[in-house]
Amino acid sequence: MTEEGYSFFGIEHDFRGADLSGGDFTKAWFTQAVLAGVRLRGATFYRAGLQSADRTGADLTGADLTGADLVKANLDGAVLRSARLDGADMTKASLQEVDASEASFRGTRIMGASLFGVDLRGADLTDAVLFQNTFKVIVDDRTVVRGLTGTVFGPITVLSGASSRDLADAELEEWVAERGGQVQVIPRAR
């Protein structure tokens with residue numbers, strides 16, 4: 001895998017039970033792969049594809065991606081439910097229609113990334129750093145944003161019981177501040 005120009009193809013493979021920590025999966029393809037519960041601590045997924053055209057991306061349920069390099073990774077349609085992404089670098093990553101409910105993003109760098117339709121209900125974003133992210137996510141009362149800092153484009157959808165509301169601009173900043181974070185919402189072009 002260290003050959004110049006080599007790309008790893010893990011498409012539709014089942015990696016459950018594997019420890020791939022520290023692996024270099026630059027430009028690899030894990031489309032529809034099963035990585036549930038896999039240890040991927042410190043692994044590099046620079047420009048890797050963990051998605052598919054029909055939004056049935058890789059299953060990373062409960063995977064440990066602590067300190068992983070996910071710079072420019074395509075995670076569209078991936079399942080990150082209960083995954084641990086603490087300290088990961090998600091600069092310019094793409095996450096569209098991703099289930100990241102109850103995932104941990106403690107101290108994660110999410111900078112210049114696109115998050116569209118990402119389910120963050122019950123997720124932990126403690127001390128995560130945001131920078132000019134498209135942030136159209138779904139959160140709930142269990143979502144932790146203590147220490148969350150940076151800049152985002154909104155809006156977000158907040159679910160509370162049977163009701164939901166969209167928050168943008170000053171309302172979104174206030175919602176995060178009430179929960180111990182401090183973000184600046186970049187005004188939408190009108």
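Colleague: Which residues gather in the patch of positive charge on the surface?
Modeller: K27, R47, K72 and K92 make up that patch. Patch members have over 30% relative accessible area and no salt bridge, with like charges joined within 9 Å. A salt bridge here is a side-chain nitrogen of Lys or Arg within 4 Å of a carboxyl oxygen of Asp or Glu. Accessible areas come from the Shrake-Rupley method with a 1.4 Å probe. This is a predicted model, where local features need pLDDT of at least 70 and side-chain atom pairs count only at pLDDT 80 or more, while totals for chains, interfaces and linings use all residues. Residues are numbered from 1 along each chain, and side-chain values use heavy atoms, without hydrogens and water.

Colleague: How exposed is R47?
Modeller: R47 is partly exposed, at 43% relative accessible area; partly exposed lies between buried (under 20%) and exposed (over 50%). R47 sits in the segment before β1 (94-96). Strands are DSSP runs of E, at least two residues long, numbered from the N terminus.

Colleague: Changing topic, what does β5 pair with?
Modeller: β5 (residues 149-153) runs parallel to β4 (residues 129-140), with four bridges. β5 is also parallel to β8 (residues 182-185), again over four bridges. Pairing needs at least two DSSP bridges.

Colleague: And which residues stand opposite V152?
Modeller: N133 faces V152 from β4, and V185 in β8 is also opposite V152.

Colleague: How do β6 and β7 run?
Modeller: β6 (residues 156-160) and β7 (residues 163-167) are antiparallel, joined by five bridges. T157 has D166 in β7 as its bridge partner. The two strands form a hairpin with two residues between them, and G161 in the turn has a positive phi of about 65 degrees.

Note on methods. Patch = residues over 30% accessible without salt bridge, like charges linked within 9 Å, V, L, I, M, F, W, Y side chains within 5 Å. Lys, Arg positive; Asp, Glu negative; His and termini not counted. Charge placed at Lys NZ, Arg CZ, Asp CG, Glu CD. Buried < 20%, exposed > 50% of the residue type's maximum accessible area, 1.4 Å probe, protein only.
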